[in-house]
Structures are given as C-alpha cells and as structure tokens.
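Subject: Structure handover

Hello,

Here is the structure I promised to pass on. Please open it next to this email while you read.

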Amino acid sequence: MPVVVSGLSVIAVTYGLTRYSFGLYLPQFRADLGLTTGTAGGIAAGSSLAYCAAAVLGAHLVDRGRARRALWSAGVSAAVGALVVAAAQATPVLAIGALVAGSGAGAASPALVAAVARTVPPSAEPRSQTVVNSGTGAGVVAGGLVALAWPAEWRWAWLGFASGALLVTWWADRSACWGPPPADPDRPGSGLRPLRLVRPLTAGLLAGAGGAGVWTFGPDVTTRSGLSTQAAGLLWCLLGAAALLGGLSGSVVRRAGLAAAWRVSAAMTATGTVLLAWWPGSVVVAAGALALFGCGFVALSGVLIAWAGRLAPEAPAQATALLFITLTIGQAAGAALLGALADAAGPPVAFVAAAGLVSAAALAAPRDRRRTPPAGRSGRRRHR
C-alpha cells in the first residue's frame, strides 16, 4: 500500500540519513571542521537527547489526535537540521544542525504508527508496521551510496537529505488516513504501568549504549585504519542491507520466542562490534562485522516492539515509545562515554567496551517460557 512505502521512506530519511549519516560523514567533518572523536561523541549524544524530546512531543501529539502535525514536525525538523549541517563552517553550527536533524526521527515514529494503524486493514497491520520499521536500513544504504558516489561533497549530500525529507513527508501525508483512531471495545483499559517494563528498559538502555559505538564511530575507525572513503561507503551500504534483514525479527520472535530472539540479536550486535575492534582495516573483516551489527541491532529494536506488546497489551504504543526513548538515551550516553574512551585509550578499547555493554543487555533477556503468539490489533507494537 502507498502508506507503507511512503512511511518506509520517511523512516529511511529521518533515521538512515539525517540521524545516522552523522557517523558516515564523520571523516569528512573531521578533515574540514577539525572535529575530535570526543567532540563527535558529544554531538551524537546531543542528537540522541534531541530525538528523545521529539519522541515525547510526537507521542503527545498523536495521543491528542494530531498525528499529521507530528509527521510534519518530523519532516521539517529533519530538513532544517540537514540544511544547517550543509551550511556549517564551524563545529558549533554543525552541532546545532546535527541535533535538529536527529530529532526528526523521534517524532516520525509515533506519527507513522498512527498513520499505518488508521490506513491499512487490521489483518495487514502487523506486517505493514514491520516493513515501515525496516526503513532505517534502506536509508543507511542510500546514505552509503551517496557517500560512495560523491565522497567529498558532503554539503551537497546533506542539502539533498533536506529536500528528500520534505518530499517523503508530503508523500506520506497524502498516502495516509488522518481520521480519529477507531474505537476498540475489546481493548483493555488504557494506562501504561511502567513497573512492568523495568527489565526491557534496562536491556534497551544497555543495548543503545553499546550500539552507539558502531553507529557513531564505525566509518571513522575504518578510514583511520587505512580503508578509503569509497570502501567505507560500500561497507555502510552493506550495514544498511543487513539491517533490512533485521526487519524479520518479528518472525523469529513468533517461532523461537522473545528470549531466544533477544539473545541472538544481542550476540550478533556484540560480535560485529568486537570484529570491527579487532581488524577495522581489513575489508573482509569489516564487512562481516558491519553486516552482523546491522542485522543484529535492527533486530534488537524489533524484539523490543514485541516485548512491549507482551508486557503492556493495554498500551502497546506508549510502551514501545518509552522503550525506544530509553534505547536512544542509552545511545546518547554511549556516544559520549565511548568517544571520551576512544580519545583516552584508542578506538579498539572503546569498541570492546561497547560490545561488553551489548553483552550485558543480553543478560536482561525476557523470561520466555512459551512462544509468543501473533499479536492482534490490541497487541500492537512500534518502531525503530
């Protein structure tokens, strides 16, 4: 359906391009603007916190029946931030642009949850939501192709990201139904009970902190180890393509259960991070590392969606939003701390520490004594 394709495109731009491309272009930012690894980590942390603020705002707008406004808040924020990045001549301006651009993804997720739920038939909603959620990988692939084709033209690339953000937002707006949410008499009483979510909140916080290593510093560590910018762009495309496979996590949860899906996803993410720490200058090793990381990290986010639906069936959307905010807070803390550690002890040590955080997240796997049945309309979950 058009809303699925356009929604995927919004996620691709707001997550894969205007949020995660900061790490992709870090080598160019370092060369042209003199960024240090620690400063880059601080900017990435600020971008993650801006994402959290936008996610809270987006969820509030959706709850008040203003999902369309949340969608446009996401698109305009991504576009304005990308324009500021494109025009940046100094680190403070770059930081402001990255913060604003990164915030767009936060508002996009709740808006698209509502758009898909109100537009597609109930029977098609679970698969549609999963497809839209996989847009991060598509955006990462697109960003890598742009960097590969024009490695030195990062200003024009970010100008293109700004234009793309407005275009896909308009498309999603035209494709979705924006009426009030349908009444569901069978749905349990609303109201989120956060104490149920202590375990997934802890797991998401640790996974986000560990995942920040590759998302923020992956391309930079490969180029500093001797690979060309073109090779880094190809590797980023590979990460994005593998992330698309992470969208199959819903099927893994149904077949193997939440606990197994979470542990396998965390193991893939941690293994990819360690491999990149071991030999980032080898194309073969780096390719395997980034493929494992991309698939594993996006699968982790998909498992969090299912986890939220199981523990809070009375408020699955709110639970998922809370888990993803926590995941992003973890990314913010991880980017800052790992950046400082990389400056002090070197990138390999920082990446090993990142893998340790993801491994710790695996220990917080759900207590899963049974397989998870397919979620119905009242057990919805949500985004990246």
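This is a predicted model: local features need pLDDT of at least 70, side-chain atom pairs count only at pLDDT 80 or more; totals for chains, interfaces and linings use all residues.

Below is what I found, grouped by topic.

Aromatic pairs

The structure holds 15 aromatic pairs. Take Trp215 and Phe293 to begin with. Their ring centres are 5.6 Å apart. The planes meet at 75°, over the 60 degrees needed, so this pair is edge-to-face. Trp215 belongs to helix 10, which covers residues 198-224. Phe293 belongs to helix 14, residues 283-311.

Trp262 and Trp307 are both buried.

There is also a ring cluster. Ring pairs join Phe22, Tyr25, Phe29, Trp154, Trp158 and Phe161.

Arg19, Tyr51 and Thr328

What sits over the ring of Tyr51? The charged end of Arg19 does, 4.6 Å from the ring centre. Thr328 touches both of these residues. Ser48 and Cys52 are also in contact with Thr328, with residues up to four places away in sequence not counted. Thr328 is found in helix 15. Its relative accessibility is 2%, so Thr328 counts as buried.

Thr326

Helix 15 spans residues 316-345 and also holds Thr326. Is Thr326 buried or exposed? The relative accessibility is 13%, and the cut-off for buried is under 20%, so Thr326 counts as buried. Setting aside neighbours within four places in sequence, Thr326 is in contact with Leu201, Gly204 and Leu205.

Helix 3 against helix 10

Helix 3 covers residues 26-33. Helix 3 and helix 10 pack with their axes 8 Å apart. The angle between them is about 70°. That falls within 65 to 115 degrees, so the two helices are roughly perpendicular. Which residues make the contact? Helix 3 supplies Leu26, Pro27 and Arg30. Helix 10 supplies Thr216, Phe217, Pro219, Asp220, Thr223 and Arg224. By class, this contact has four nonpolar, two polar and three charged residues.

Ile43

Ile43 is placed in helix 4, residues 37-63. Ile43 is buried, with a relative accessible area of 6%. What does Ile43 contact, leaving aside neighbours within four places in sequence? The list is Phe22, Leu35, Thr91, Ala95, Ala98 and Leu99. Phe22 is also a member of the ring cluster described above. One distance for your notes: the C-alpha atoms of Ile43 and Val100 are separated by 11 Å. Along the chain, Ile43 and Val100 are 57 residues apart.

Where to look

Best wishes

Conventions:
Residues are numbered from 1 along each chain as its sequence is written. Side-chain values use heavy atoms; hydrogens and water are left out. Rings of Phe, Tyr and Trp (its six-membered ring) pair if their centres lie within 6.5 Å; planes under 30 degrees apart count as stacked, over 60 as edge-to-face and the rest as tilted. Helices (H or I, at least four residues) and strands (E, at least two) are DSSP runs, numbered from the N terminus. Buried means under 20% relative accessible area, exposed over 50%, partly exposed in between (1.4 Å probe, protein chains only). A charge sits over a ring if NZ of Lys or CZ of Arg is within 6 Å of the ring centre and within 35 degrees of the ring normal. Axes are lines fitted to C-alpha atoms, for helices over the stretch in contact, and angles run from 0 to 180 degrees between N-to-C directions. Angles under 35 degrees count as roughly parallel, over 145 as roughly antiparallel, 65 to 115 as roughly perpendicular and the rest as oblique. Contact means heavy atoms within 4.5 Å. Ala, Val, Leu, Ile, Met, Phe, Trp, Tyr, Cys and Pro count as nonpolar, Asp, Glu, Lys and Arg as charged, and the others, Gly among them, as polar.
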